[in-house]
There are 2 protein chains.
Amino acid sequence: MTAETSTHAYPVTARNRVKRLHERGSYDRDSVYAILDAAMLCHVAYVIDGQPYATPTLFWRKGDTLYWHGSSASRMLRHLKAGTPACLTVAHLDGLVLARSGFNHSANYRSAMCFGTARLVEDPEEKIEAMRDVIDRFYPGRSALLRPITTQEAKATTIIAMQIEEAAAKVRAKGVGDDEEDFALPIWAGVIPVTTMLGTAETCHRLVEGVEKPETLSIFPVGGKLDTALLTGQRIYEGG
Amino acid sequence: MTAETSTHAYPVTARNRVKRLHERGSYDRDSVYAILDAAMLCHVAYVIDGQPYATPTLFWRKGDTLYWHGSSASRMLRHLKAGTPACLTVAHLDGLVLARSGFNHSANYRSAMCFGTARLVEDPEEKIEAMRDVIDRFYPGRSALLRPITTQEAKATTIIAMQIEEAAAKVRAKGVGDDEEDFALPIWAGVIPVTTMLGTAETCHRLVEGVEKPETLSIFPVGGKLDTALLTGQRIYEGG
C-alpha cells in the first residue's frame, strides 16, 4: 500500500500534488503531522484584494485543524463569513548540499503545505479554549499556572482556524546527488547539517524571589533540538 | 530622521504597512536586507486561479532584486508575460517568550515581507548569471571550481526574479513584556533562545582521494550560526 492509497492520506488534487521532484512528496497524515508538529512558526498565504501575502505566524495543530493568531487577515475575514482559501506552510532547513555541479546543489529540508478555508474563531468558548491550547501545546500544563485570561484579552485576540482539506509533505534527506560522470571530478562535495537548537533560558529579571522554573519545561533542555521539544510537547498535548 | 522618511526607505502603502504591533516595524532597506541576507529559505506567496500558495524555496538578493528557483509558479508565469504580484517573506525565530499571562506569551523573531511583481528570467545570459550567482552568493567563489553549467541544465532550470517595490521588517528582540501588575505573581517567566547552528560537514563518500574542502567554506564553521555565515557570504558576494 502506498501513502496515496492509505485511508489515512489526504486526497490528491491539482492543488496539493507535488509537481517538481514528485518522488519527494507524500500525502499521508502522519508525514504531514510530523513536519507540522516539529514547528512553532509557519507561513500562511492569503489573497487580499488580489494581492498575495505570506505572513509568518505561530500556529498549532489540533487533530486535522490548524490554529493561528490572525492579524493581517482578520479584517478581511470579518467580512467573509464563509471563510477564505488559505495555504499554511511549514519548512525546516536541515542541511546545505554542495555538489560537483551548480545544478546538483540542493538543500535537505522537510516541508508541509496545507490547504483549506480559513475562518475567524468567533465563538467565545472556542476562543478561550484556543487561547489555553496555544499555551499548553507548547508548554505542557502551563495555562493552569498562569494568571487567568481576561474578557478584554479574549476580545483583543484574533484566532483563525482552518481544517486541512488537502496537504502534501515534501522531504529531501540524503547526501550529494551528482550526475554519475561527475563523481570522478576532483571537487569537494558534501552536506553541511543545519539544526535549530535551544539555548540557556534567560529568566525574567523581575522574577519573584524563590520561584523555580517548572519541571514541565524540561522538554526544552539547553543544547536540545527545538523540533524534538516541539514534537514532545505535541504528544503530551494530544495525550492530555 | 526616522526610518520612514529616509531616502533609503521603501514607500509605505496599505500593502506593506505594519498594522499589528506597528512599533515593531521598519521600512528602511538596511533593516530589510539584514533579515533577508541572514536567510537561505524564504516563503513566496502567489495566487494561482484564486488559490493562494505559500511555497518554501531557496532565494538570494542582488541589490533590490530577489531571485528564487521557481516551480509551482513557472507554468503560470509562462502565460503572464507582465508578471504576477507576489510576496516573498523571510522569518527567523530567535526565542520563545514565556510570560506570566497567556496573553503576553510571545516569540522573539526577525521577519521581512517584500512585495513586487514576479517575472520569469528568460534571457539566457541573465539566467546563466543567476545560476552562477546562486552558488557564489552562498559559497564564495565556488562556481569557478565546479563543472560548468550545460545548456540542457540551463533549460531545465526555472528562475524567477522580483524587484522589491515595497517591504517591511518586523522585529521582536526583548525580554518578557508582562502587564505591570503581573510582575508580582509567583510565576516563572523568561526567554528560551533559539539558534540555527551549523554541524560538522559530511563529506560525500565518493570524494576523489586527496581533495580538500576549499578554504572559502570556512565561513561555515562547526558550531557557528547559520545566519552569521549567510550574512558573511552576502557581504563577499556584494563586494566581488
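In the predicted model described here, 76 residues of chain B are in contact with 76 residues of chain A, two residues being in contact if their C-beta atoms, placed from the backbone, lie within 7 Å. The side of chain B that touches chain A draws at least two residues from each of strand 2 (41-48), strand 3, strand 5, strand 6, helix 3 (124-138), strand 9 (190-198) and strand 10 (202-203) of chain B; helices (H or I, at least four residues) and strands (E, at least two) are DSSP runs, numbered from the N terminus. Among these elements, strand 9 of chain B gives the most to that side, with nine residues. By residue class, the side of chain B that touches chain A divides into 47 nonpolar, 17 polar and 12 charged residues, where Ala, Val, Leu, Ile, Met, Phe, Trp, Tyr, Cys and Pro count as nonpolar, Asp, Glu, Lys and Arg as charged, and the others, Gly among them, as polar.

Strand 9 of chain B also takes part in strand pairing between the chains, since DSSP finds five bridges between it and strand 9 (residues 190-198) of chain A, in the antiparallel sense; two strands pair if DSSP finds at least two bridges between them. Within strand 9 of chain B, Val194(B) stands opposite Leu198(A).

The model is a prediction, in which local features need pLDDT of at least 70 and side-chain atom pairs count only at pLDDT 80 or more, while totals for chains, interfaces and linings use all residues. Residues are numbered from 1 along each chain as its sequence is written, and chains are lettered from A and ligands numbered from 1 in the order in which they are written.

Chain A contains five helices and 10 strands, and its C-alpha trace spans about 65 × 50 × 35 Å along its principal axes. Of the 240 residues of chain A, 44% count as buried, a residue being buried if 20 or more other C-beta atoms lie within 10 Å of its own, exposed if 12 or fewer, and partly exposed in between, with C-beta atoms placed from the backbone. Among contacts in chain A between residues at least 6 apart in sequence, 69% join residues at least 24 apart.

Within chain B, helix 1 (residues 29-36) is mostly covered, with six of its eight residues buried, namely Arg29(B), Ser31(B), Val32(B), Tyr33(B), Ile35(B) and Leu36(B). These buried residues pack against strand 1 (25-26), strand 3 (51-62), strand 5 (84-98), strand 6 (106-120) and strand 8 (166-172) of chain B.

Strand 2 of chain B is largely enclosed by the rest of the structure, because six of its eight residues are buried. Eight bridges join this strand to strand 3 of chain B in an antiparallel arrangement, and His43(B) has Pro56(B), in strand 3 of chain B, as its bridge partner. Strand 2 of chain B is likewise joined to strand 5 of chain B, antiparallel, by three bridges, with Leu88(B) in strand 5 as the bridge partner of Val44(B).

The hairpin of strand 2 and strand 3 of chain B has two residues between the strands, and Asp49(B), which lies in this loop, has a positive phi of about 50° although it is not a glycine. Asp49(B) counts as exposed because it has 7 C-beta neighbours inside 10 Å. In chain A, Asp49(A) is placed in the loop between strand 2 (41-48) and strand 3 (51-62), and its phi is near 50°, a positive value in a residue other than glycine. Asp49(A) counts as exposed, with 7 C-beta neighbours inside 10 Å.
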